[in-house]
Amino acid sequence: MIYGVLLSLEAVEDVLRITLASGAKSDIMSASTEMQDALRSDPSAAGEHLSEGLYFIDREPLRGFYTIDTNEMLVEIVNVKQV
């Protein structure tokens, strides 16, 4: 089963801010793409559960925090930090 992956507005802003501040812009964009690709097939196995339905996934140099809606087959990346 394939999940749709959405980035919240905050997550988009996070990625843009990190990209602009980084000396390795292509690494940031690659990590973001890898993160989204990994979440499409099995999001609960791709990351680690934190609590109350919030998960995280690491793709150096980023950590994405996300939720899973199994009924709608959607993953929402709600926040992104630089690791």
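Start by selecting Asp14, which is buried at a relative accessible area of 7%. Here, buried means under 20% relative accessible area, exposed means over 50%, and partly exposed is in between (1.4 Å probe, protein chains only). Before you click on, know that this is a predicted model: local features need pLDDT of at least 70, side-chain atom pairs count only at pLDDT 80 or more, and totals for chains, interfaces and linings use all residues. Residues are numbered from 1 along each chain as its sequence is written, and side-chain values use heavy atoms, with hydrogens and water left out.

**Stop one: helix α1**

To count as a salt bridge, a side-chain nitrogen of Lys or Arg must be within 4 Å of a carboxyl oxygen of Asp or Glu. Arg17 is partly exposed, at 48% relative accessibility. Both Asp14 and Arg17 sit in helix α1 (residues 9–21), three residues apart, or about one turn of the helix. Helices (H or I, at least four residues) and strands (E, at least two) are DSSP runs, numbered from the N terminus.

**Stop two: helix α2**

Now select Arg40 and Asp37. Their side chains meet in a salt bridge at 2.7 Å, N to O. Both belong to helix α2 (residues 25–41), and they are three residues apart, about one turn of the helix. Arg40 is partly exposed at 30% relative accessible area, and Asp37 is partly exposed too, at 45%.

Next, show α1 and α2 together. How do their axes cross? They come within 8 Å and cross at roughly 155°. The axes are lines fitted to C-alpha atoms, for helices over the stretch in contact, and angles run from 0 to 180 degrees between N-to-C directions. So α1 and α2 count as roughly antiparallel; that label is for angles over 145 degrees, while under 35 is roughly parallel, 65 to 115 roughly perpendicular and the rest oblique.

**Stop three: the hairpin**

Jump to strands β2 (residues 48–51) and β3 (residues 54–59), which run antiparallel and are joined by three bridges. Two strands pair if DSSP finds at least two bridges between them. Click Glu48 and look across: Phe56 in β3 stands opposite. The hairpin of β2 and β3 has two residues between the strands, and in it Glu52 takes a positive phi near 45°.

**Stop four: the rings**

How many aromatic pairs does a search of the whole structure find? It finds two. Select Tyr55 and Tyr66: their ring centres are 5.4 Å apart and their planes are at 15°, so this pair is stacked. Tyr55 is in strand β3 and Tyr66 is in strand β4 (residues 62–69), 11 residues apart, so the pair links distant parts of the chain. Tyr55 and Tyr66 are both buried. Then pick Phe56 and Phe65, a tilted pair at 6.5 Å centre to centre, with 45° between the planes. Phe56 and Phe65 are buried as well. For the cut-offs, rings of Phe, Tyr and Trp (its six-membered ring) pair if their centres lie within 6.5 Å; planes under 30 degrees apart are stacked, over 60 edge-to-face and the rest tilted.

**Last stop: one more salt bridge**

Finish with Asp58 and Arg63, whose side chains meet in a salt bridge at 2.6 Å, N to O. Asp58 is partly exposed at 28% relative accessibility, and Arg63 is partly exposed at 27%. With that, you have visited the structure's three salt bridges.
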